[in-house]
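Please look through the sequence and the model shown here before reading on. The report that follows takes up strands, helices and single residues in turn.

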Amino acid sequence: MRLVLVGPPGAGKGTQAQYIAAQFAIPKISTGDIFRANVSEGTELGMTAKKYMDAGDLVPDEVTSAMVRERLKEDDAADGFLLDGFPRTVPQAETLDEILGDLGQGLDVVLELVVDDEEVIRRLSGRRTCRNCGHIWHVDFDPPSREGICDDCGGQLFQRDDDKSDTVRHRLEVYAEQTAPLIAFYAEKGVLVGIDATGPVDDVTERAIAALRPFA
Ligand code: AP5
């Protein structure tokens, strides 16, 4: 399955990506995770991305698309993938079509996670991520059993710099202006499927898997 997850910041893309990728045995490719790994390693790509990420702005299309082009050429993506956080603009979606065309592939489905802004703000203010394995937790909605420690691997949890309330508000504006037009773009191509992404994490996962099964 070649799948794109789309939805506002905090919709639960990263959370659901963990379970969907495992269920369908496809690699999860998250542009946000790749940028954050480069930031912590202090690479040139990381230094370029950091100034945009800290401000809640998008990293320029040419930087992001070049990175995805390289990633999709890797062997583990030959038979399918889950893209989390890419594309995020209509030009990025057009580039993705080009990349897949060059590889003789096509997109099967785009899953939209639908949640409102208030829920997004509640989710992002309590998000904690494992520094070691990347597992995503929430202090109220999906807490680890020991505060600040990942249940999966014992790693330390941290709060993302871009989850501060002013930056979150700006990210929502950027989503509305630059990413939301993708919904119409993919609906027109007939590949868009939307699910209600509110309620407990497990219920959303069940809805997502049921919606995706016909494409597996
Ligand atoms: P990225 O990391 O992609 O951030 P995002 O899209 O803003 O999405 P988030 O990771 O904030 O949210 P999510 O939907 O994954 O939610 P999560 O599952 O964590 O990008 C970060 C930055 O990188 C961008 O701002 C940009 O600068 C740059 N970038 C990345 N890709 C780019 C691109 N293509 N082009 C240009 N720039 C790019 O869930 C959030 C919280 O809610 C968690 O705590 C979770 O536990 C909780 N939660 C999840 N589901 C539920 C539920 N059902 N009920 C209650 N709580 C829940």
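## Strand 4 and its partners

V114 stands opposite D196 in strand 8, and this pair belongs to the parallel pairing of strand 4 and strand 8 (residues 192–196), which extends over five bridges. Helices (H or I, at least four residues) and strands (E, at least two) are here DSSP runs, numbered from the N terminus, and two strands pair if DSSP finds at least two bridges between them. The model is a predicted one, in which local features need pLDDT of at least 70 and side-chain atom pairs count only at pLDDT 80 or more, while totals for chains, interfaces and linings use all residues. Residues are numbered from 1 along each chain as its sequence is written, and side-chain values use heavy atoms, with hydrogens and water left out.

Strand 4 (residues 109–114) also pairs with strand 1 (residues 2–6), again in the parallel sense, over four bridges, and there the bridge partner of L5 is L111 in strand 4. Strand 4 is mostly covered, with five of its six residues buried, where buried means under 20% relative accessible area, exposed over 50%, and partly exposed in between (1.4 Å probe, protein chains only).

## The open sheet 6-5-7

Three strands form an open sheet in the order 6-5-7, and their pairing is antiparallel. Because strand 6 (136–138) and strand 7 (157–158) stand at the edges, each with a single partner strand, one side of each is left without a neighbour in the sheet. Helix 6 (residues 117–125) packs on this sheet, touching strand 5 and strand 6, and its direction makes about 45 degrees with that of strand 5; contact means heavy atoms within 4.5 Å, and axes are lines fitted to C-alpha atoms, for helices over the stretch in contact, with angles running from 0 to 180 degrees between N-to-C directions.

Strand 5 (residues 127–130) is joined to strand 7 by two bridges, in which C130 has L157 as its partner and T129 has F158. Towards strand 6, strand 5 is joined by three bridges, and R127 is there the bridge partner of H138. Strand 5 and strand 6 form a hairpin with five residues between them, and G134 in the turn has a positive phi of about 85 degrees.

## Helix 2 against helix 3

Two packed helices are described by the angle between their axes and the distance between the axes. Helix 2 (residues 31–41) and helix 3 (residues 44–55) pack at an angle of about 115 degrees, with their axes 8 Å apart. The contact is made by G32, F35, R36, N38 and V39 of helix 2 together with L45, G46, A49, K50 and M53 of helix 3. By class, this contact has five nonpolar, three polar and two charged residues, where Ala, Val, Leu, Ile, Met, Phe, Trp, Tyr, Cys and Pro count as nonpolar, Asp, Glu, Lys and Arg as charged, and the others, Gly among them, as polar.

The buried residues of helix 3 are G46, A49 and M53. They cover an arc of only 75 degrees around the axis, which puts them on the same side of helix 3; the arc is that of the directions from the helix axis to the C-beta atoms. These buried residues pack against helix 2, whereas the face of helix 3 turned away from its buried side carries the exposed residues E44, M47 and K51. Just after helix 3, G56 takes a positive phi of about 80 degrees.

## Helix 7 against helix 8

The axes of helix 7 (residues 165–179) and helix 8 (residues 181–189) come within 5 Å and cross at roughly 35 degrees. Their contact is made by Y175, A176, E177, Q178 and T179 of helix 7 and by P181, L182 and I183 of helix 8, and these residues divide into five nonpolar, two polar and one charged.

## Two glutamines

Q16 has its place in helix 1 (residues 13–24) and, at 3% relative accessibility, counts as buried. Not counting residues up to four places away in sequence, Q16 touches L113, V201, V204 and T205.

Q156 lies in the loop between strand 6 and strand 7 and, at 56% relative accessibility, counts as exposed. Leaving aside its neighbours within four places in sequence, Q156 is in contact with T129, C130, R131 and G148. The C-alpha atoms of Q156 and D202, which are 46 residues apart along the chain, are separated by 24 Å.
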